[in-house]
Amino acid sequence: MDDSHLEPGAGDCADSLKELYTFLDGELTVERRTHIRQHLDGCQNCYEAFDFEAELRIVVSAKCRDEVPDELRARVADALNKLRQGDEPVL
Ligand SMILES: [Zn+2]
């Protein structure tokens, strides 16, 4: 099994976003993590989503999970929804 030659595409974006959560939880295999990292390197949209989510995880893990403000949660959900819908991110 070798899918490393596959080109990143629109379907790959949706795939990568879905796996971001698993990736951040450290529950993906080395192969899947490498695949996602390679996609993030070439996809600004997904990289920004990943960066935002990763930052959130750091904040959350430094505190109690239950203390994440609803506003922050909403911002993450909104950002990911926009990416999934294919809108241009506001830079
Ligand atoms: Zn992407």
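What follows is a set of questions on those labels, with the values behind the answers.

Modeller: Bear in mind that this is a predicted model.

Biologist: What makes up the secondary structure of the protein?

Modeller: The count is four helices and zero strands, and the order along the sequence is α-α-α-α.

Biologist: How do you know that the length of α4 agrees with what its residues should span?

Modeller: Helix α4 covers residues 70–85, which is 16 residues, and at 1.5 Å a residue these should span 22 Å. The end C-alpha atoms of α4 are 22 Å apart, so the two values agree. For α2, residues 30–42, the first and last C-alpha atoms are 19 Å apart, close to the expected 18 Å.

Biologist: Which residues of α2 are buried?

Modeller: His35, Ile36, His39 and Leu40 are buried in α2. They cover an arc of only 135° around the axis, so they sit on the same side of α2.

Biologist: What does the face of α2 turned away from its buried side carry?

Modeller: That face carries the exposed residues Val30, Glu31, Thr34, Asp41 and Gly42.

Biologist: Why is α4 said to lie largely in the open?

Modeller: The number of buried residues in α4 is one out of 16, so the helix lies largely in the open. For the protein, 12% of the 91 residues count as buried.

Biologist: Why is Cys13 called partly exposed?

Modeller: Cys13 has 18 C-beta neighbours inside 10 Å. Buried would take 20 or more and exposed 12 or fewer, so with 18 Cys13 counts as partly exposed.

Biologist: Where does Cys13 lie, and which residues is it in contact with?

Modeller: Cys13 lies in helix α1, residues 10–24. Leaving aside neighbours within four places in sequence, Cys13 is in contact with Cys43, Asn45 and Cys46. Cys13 and His39 are 26 residues apart in sequence, and their C-alpha atoms are 7.9 Å apart.

Biologist: What makes up the largest nonpolar core?

Modeller: Eight residues make it up: Leu20, Phe23, Ile36, Leu40, Cys46, Ala49, Phe50 and Leu83. The elements giving two or more residues to this core are α1, α2 and α3 (44–62), and α3 gives the most, with three. Beyond neighbours within four places in sequence, Phe50 is in contact with Leu20 and Leu40.

Biologist: How many of the contacts between residues at least 6 apart in sequence join residues at least 24 apart?

Modeller: The share is 61%.

Methods
Residues are numbered from 1 along each chain as its sequence is written. This is a predicted model: local features need pLDDT of at least 70, side-chain atom pairs count only at pLDDT 80 or more; totals for chains, interfaces and linings use all residues. The expected span of a helix is 1.5 Å times one less than its number of residues. The arc is that of the directions from the helix axis to the C-beta atoms. Two residues are in contact if their C-beta atoms, placed from the backbone, lie within 7 Å. A nonpolar core is a set of buried Ala, Val, Leu, Ile, Met, Phe, Trp, Tyr and Cys residues joined through C-beta atoms within 7 Å.
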